[in-house]
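Here are my notes for you to read with the model open beside you. Take them one point at a time, and find each residue as you go.

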Amino acid sequence: MVASAKNYSRARSGVLALMMSASLVPAARADILIAVAGPVTGPLAAPGSEIFNGAKQAAEDINAKGGINGEKIILSIQDDACDPKQAVSVANAIVAAGIKLVDGHFCSGSTMPASDIYNESGITAMTVSSNPKITERGYQNIFRFGGRDDQQGPAGAEFILKKFAGKKVALLNDKSTYGVGLVDGARAAFKAANAVIAIDDGINPGEKDYSTVVLKLKEADVEAVYFGGYHTEAGLMARQALDSGYKLSIVGGDGLNTSELGAIAGAAAENVFFTFPPDATKTAAGKEIATRMRAKNLSASGWTIYSYAIIEALAEGVARAGGQDAAKVSEALRSKPVTTVLGDVSFDAKGDNTKPGYVVYHFVSGTPTEIE
């Protein structure tokens, strides 16, 4: 992916336009630009909207308190549609615009090539993408706010081993960077537990009919499948399994955390589980933000508060560094914990969150709900 990124002109932005949030644009030009990169369009636009809304609320709140060292934040919303090639175009557009700070990207397949460009161009980026390779390349200015697939994959596998002890299980991935990484983590945990994996296979994302895959699982008497992928495919498989009279439980990662899965799966959503960090809206600070956002008819569920916290972390890094120089911001972010709505967050030498934490969620009346 590195070579393909270099083949794109830095001036090319494709179909993307630099979109500024009107509520964040002051009368005079803002001093600090932060790009928020993720899926505005495409099948993953739902979690993308959570990221953008969280970032906008954080920027609004920081600006209301005086900004960063007296300088206001303005956001540049960039649509990568969770497509690696489009992510490269987005990254090049960000470089061309002179932006030095990025909240994003969302999908690991987009973050990998985009972060190559950010590393070369002296841009500080902080992501929730979970593929381990993102922070294994020695890039000092690339940070991960959430957890890694080699953490949440095993967490999902542990849940299956307890809830479905003695039952036949399977592994499926959607062939994406994210999905393969998740299943790799789960597979390692199953093997360590000497669990028998009945099926270990991949699916083609974006299809409308997974009845063949469902039938294969049914004929193998699989009761639970660990799925590495996103909510659209998981929701379809769950619904098509239940429609055929087959109760299949699907366990996945944070890519399933959206109420849109409930709309896709219908009654079958109750058979879907996923790992995600603890519900941020249950903290006092998170609840207060969620209340203010609801007053604007905006949800604070899913990735919203985490994106809010990323903007806070980037802002604190810049404040400590006294500017946007990537080397200084990187050093500042690693020097001591940053204070966010989620509490104090520390980054290790690789740029990973030292204590991301995972819990298991299920769907209650179509809504993602943390299991107590």
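1. Which residues of helix 2 meet Ile 289, Arg 292 and Met 293 in helix 10? Look for Asn 53, Gly 54, Gln 57 and Asp 61. Before you go further, keep in mind that this is a predicted model. Helix 2 covers residues 45–64 and helix 10 covers residues 284–294; their axes come within 12 Å and cross at roughly 100°. An angle from 65 to 115 degrees counts as roughly perpendicular, so that is the label for helix 2 against helix 10. Sorted by class, this contact has two nonpolar, three polar and two charged residues.

2. Now try helix 3 (residues 84–96) and helix 4 (residues 108–121). Here the axes come within 8 Å, and the crossing angle is roughly 25°. Angles under 35 degrees count as roughly parallel, so these two helices are roughly parallel to each other. The crossing of helix 3 past helix 4 is right-handed. On the helix 3 side you'll find Pro 84, Ala 87, Val 88, Ala 91, Asn 92, Ile 94 and Val 95. Facing them from helix 4 are Gly 109, Ser 110, Pro 113, Ala 114, Ile 117, Tyr 118 and Ser 121. The class count for this contact is ten nonpolar, four polar and no charged residues.

3. Helix 11 brings Ala 313, Gly 317, Val 318, Arg 320 and Ala 321 to the contact, while helix 12 brings Lys 328, Val 329, Ala 332, Leu 333 and Ser 335. By class that gives six nonpolar, two polar and two charged residues.

4. Stay with Ala 332 for a moment. This residue sits in helix 12, residues 326–335. Is Ala 332 buried or exposed? Buried means under 20% relative accessible area, and Ala 332 has 8%, so it is buried. Leaving out residues up to four places away in sequence, Ala 332 touches Gly 317, Arg 320 and Ala 321. From C-alpha to C-alpha, Ala 332 is 8.4 Å from Glu 316, and the two are 16 residues apart in sequence.

5. Next, the inside. In soluble globular proteins, nonpolar side chains tend to be buried together. In this model the largest nonpolar core has 92 residues, and Leu 75, Met 126, Phe 145, Tyr 226 and Ile 250 have the most contacts inside it. Helix 11 (residues 304–321) gives the most to this core, with ten residues. There is also a second, separate core of 19 residues, including Ala 37, Ile 74, Ala 91 and Ile 142. If you click on Ile 250, you can look for its contacts beyond four places in sequence, among them Val 225, Phe 227, Met 237 and Phe 273.

6. Phe 159, in helix 5 (residues 149–163), is worth a look too. Its relative accessibility is 16%, so Phe 159 counts as buried. Which residues does Phe 159 touch, not counting those up to four places away in sequence? They are Phe 164, Val 251, Phe 273, Val 360 and Ile 371. Phe 159 and Val 359 are 200 residues apart along the chain, yet their C-alpha atoms are separated by 9.6 Å.

7. Last, some backbone details. Most residues other than glycine have a negative phi, and most peptide bonds are trans. Against that background, check the cis peptide bond joining Gly 104 and His 105, where omega is about 0°. His 105 is in the loop between strand 4 (101–104) and helix 4. Then check Lys 175, whose phi is near 70°, in the loop between strand 7 (168–173) and helix 6 (177–192). Ser 365 also has a positive phi, about 55°, and is found in the loop between strand 14 (359–364) and strand 15 (367–370). Exposed means over 50% relative accessible area; Lys 175 has 52%, so it is exposed, and Ser 365, with 75%, is exposed as well.

Conventions: Residues are numbered from 1 along each chain as its sequence is written. This is a predicted model: local features need pLDDT of at least 70, side-chain atom pairs count only at pLDDT 80 or more; totals for chains, interfaces and linings use all residues. Side-chain values use heavy atoms; hydrogens and water are left out. A nonpolar core is a set of buried Ala, Val, Leu, Ile, Met, Phe, Trp, Tyr and Cys residues joined through side-chain atoms within 4.5 Å. Buried means under 20% relative accessible area, exposed over 50%, partly exposed in between (1.4 Å probe, protein chains only). Helices (H or I, at least four residues) and strands (E, at least two) are DSSP runs, numbered from the N terminus. Contact means heavy atoms within 4.5 Å. Axes are lines fitted to C-alpha atoms, for helices over the stretch in contact, and angles run from 0 to 180 degrees between N-to-C directions. Angles under 35 degrees count as roughly parallel, over 145 as roughly antiparallel, 65 to 115 as roughly perpendicular and the rest as oblique. A crossing is left-handed if the near helix is turned anticlockwise from the far one by less than a right angle, and right-handed if clockwise. Ala, Val, Leu, Ile, Met, Phe, Trp, Tyr, Cys and Pro count as nonpolar, Asp, Glu, Lys and Arg as charged, and the others, Gly among them, as polar.
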